[in-house]
Structure formats: C-alpha cells, structure tokens
Amino acid sequence: MFRRIRERRNHQAAQREYEELTQNAHLMPALDEIPDFPETDAEQDFLPRDLRVPPRDQLAGLMMRWDEPLVVEGEVRTCPECGAYRAWVVFLMRESIWLRCSAGHETLEPRLDAAWYNRNSGPLTSLHDTVQDGLKHLGR
C-alpha cells in the first residue's frame, strides 16, 4: 500500500515539473543565445578538445581492414568482378556497408548493417580527410 502511495506521489511530482517546464518554455533562450560556459572540473580532467574524436554521426564514413574470408549468412562473400574472397576493406557510409577487394573493386553488401560494423570494428585510431588517405593508412 505504501509503495503505491509513494509511486503516485512521485508520478504527480514529475507531472508538475513537466507542466512547469512546458509553461516556461518560451522563456528559455535559443540555442545560439546560450553563452559559452567555462569548462567544469570534470571536463578539465578529460582529454583536451583538440585530442577528442568526433562522434561517429559527424563522420562521412568509417573503414576497417578485414583480412580473413568474410562470411555473410553462412556463405563466403566473393568479389563479383574478380572472385577475391579475402583482404577486404569494409566501409560504413551512413547506414550502408560497402566492400572493396584488394583489386580495388567496390560493391554494396545489403546483408550487413551499421550494427554489424560496430560489433566487429575496433576503436577509431586515426582520422583522414580523404578515402585515399585512409586506404594508404590501411596499406592499400
């Protein structure tokens, strides 16, 4: 009985807070009017701004090496042009996965998605301005 009373009281308090926020929403400044506040102690203990990696949604794409044969839904993925089945470069461009074989042929792989890429890729180790720079970094 007391648990239900406490839950009802907490729910009503949350409703009141929400109503207050929505009633005063016109008093909130626009995002471009918010001043730049100095960094807090927690932010100062973190990496400096120039060493932080941008979030993945701000990058044009990601790439990684995949040297062993790529098995998708139980079959080994081969290049449709040259028949290569290993030494791939896997690109994540927004939500689609592209494969590039060692001969330079690129093909879309619709059976793989961003979740697969995130599960199989490691952390970001470097950022590149062009795809060619990234391929050089990967040894291609």
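Modeller: Let's start with β5 and β6, which run antiparallel and are joined by 3 bridges. Bear in mind throughout that this is a predicted model.

Biologist: What makes β5 and β6 a pair?

Modeller: Two strands pair if DSSP finds at least two bridges between them. With 3 bridges joining them, β5 and β6 therefore count as paired. One of the contacts along the way is Leu99, whose bridge partner in β6 is Thr107. The two strands form a hairpin with 5 residues between them, and Gly104 in the turn has a positive phi of about 100°.

Biologist: How many bridges hold β4 and β5 in the antiparallel sense?

Modeller: Strand β4 (residues 88-93) and strand β5 (residues 96-100) have 5 bridges, so they meet the requirement of at least two as well. Phe91 has Trp98 as its bridge partner in β5, and Val90 has Leu99. The hairpin of β4 and β5 has 2 residues between the strands, and Arg94 takes a positive phi near 55° there.

Biologist: And which strands make up the open sheet, in what order?

Modeller: The order is β1-β4-β5-β6, 4 strands with antiparallel pairing. β1 and β6 (106-108) stand at the edges because each has a single partner strand, which leaves one side of each without a neighbour in the sheet. Neighbouring strands are turned by 25° against each other on average, direction ignored. For β1 the partner is β4, over 5 antiparallel bridges, and Met64 stands opposite Val90 there.

Biologist: Why is Trp66 called buried?

Modeller: Its relative accessible area is 14%, and buried means under 20%, so the label follows. Trp116 passes the same way: its value is 12%, so it is buried too.

Biologist: Those two tryptophans form the aromatic pair. Why is the pair called tilted?

Modeller: A pair of aromatic rings is described by the distance of the centres and the angle of the planes. For Trp66 and Trp116 the centres are 5.3 Å apart, and the limit for pairing is within 6.5 Å, so they pair. The planes stand at 45°; under 30 degrees would be stacked and over 60 edge-to-face, so tilted is what remains. The count by this rule comes to 1 aromatic pair.

Biologist: What does the pair tie together?

Modeller: Trp66 lies in strand β1 (residues 62-66) and Trp116 in helix α3 (residues 114-120), so the pair ties together parts that are 50 residues apart in sequence.

Biologist: Which residues touch the most other members in the largest nonpolar core?

Modeller: That core has 18 residues, and the ones touching the most other members are Trp66, Leu70, Trp88, Val90, Ile97, Trp116 and Tyr117. The elements giving two or more residues to this core are β1, β4, β5 and α3. Nonpolar side chains tend to be buried together in soluble globular proteins.

Biologist: What does Val90 touch, leaving out residues up to four places away in sequence?

Modeller: Its contacts include Leu62, Met64 and Trp66, along with Ile97, Leu99, Trp116 and Tyr117.

Biologist: Now the loops. Is Glu73 buried or exposed?

Modeller: Exposed: the relative accessible area of Glu73 is 64%, and the cut-off is over 50%, so the label holds. Glu73 lies in the loop between β2 (71-72) and β3 (75-76) and has a positive phi of about 50° although it is not a glycine.

Biologist: Why does Ala87 count as partly exposed?

Modeller: Ala87 has 21% relative accessibility. Buried needs under 20% and exposed over 50%, so Ala87 falls in between. Ala87 lies in the loop between β3 and β4, and this residue also has a positive phi, about 60°, without being a glycine.

Biologist: And how much of the whole protein is buried?

Modeller: Buried residues make up 20% of the 140 residues. The protein exposes about 11100 Å², with carbon and sulfur atoms supplying 52% of it.

How values were computed
Residues are numbered from 1 along each chain as its sequence is written. This is a predicted model: local features need pLDDT of at least 70, side-chain atom pairs count only at pLDDT 80 or more; totals for chains, interfaces and linings use all residues. Side-chain values use heavy atoms; hydrogens and water are left out. Rings of Phe, Tyr and Trp (its six-membered ring) pair if their centres lie within 6.5 Å; planes under 30 degrees apart count as stacked, over 60 as edge-to-face and the rest as tilted. Buried means under 20% relative accessible area, exposed over 50%, partly exposed in between (1.4 Å probe, protein chains only). Axes are lines fitted to C-alpha atoms, for helices over the stretch in contact, and angles run from 0 to 180 degrees between N-to-C directions. Accessible areas come from the Shrake-Rupley method with a 1.4 Å probe; for residues, only the protein chains shown count as cover. A nonpolar core is a set of buried Ala, Val, Leu, Ile, Met, Phe, Trp, Tyr and Cys residues joined through side-chain atoms within 4.5 Å. Contact means heavy atoms within 4.5 Å.
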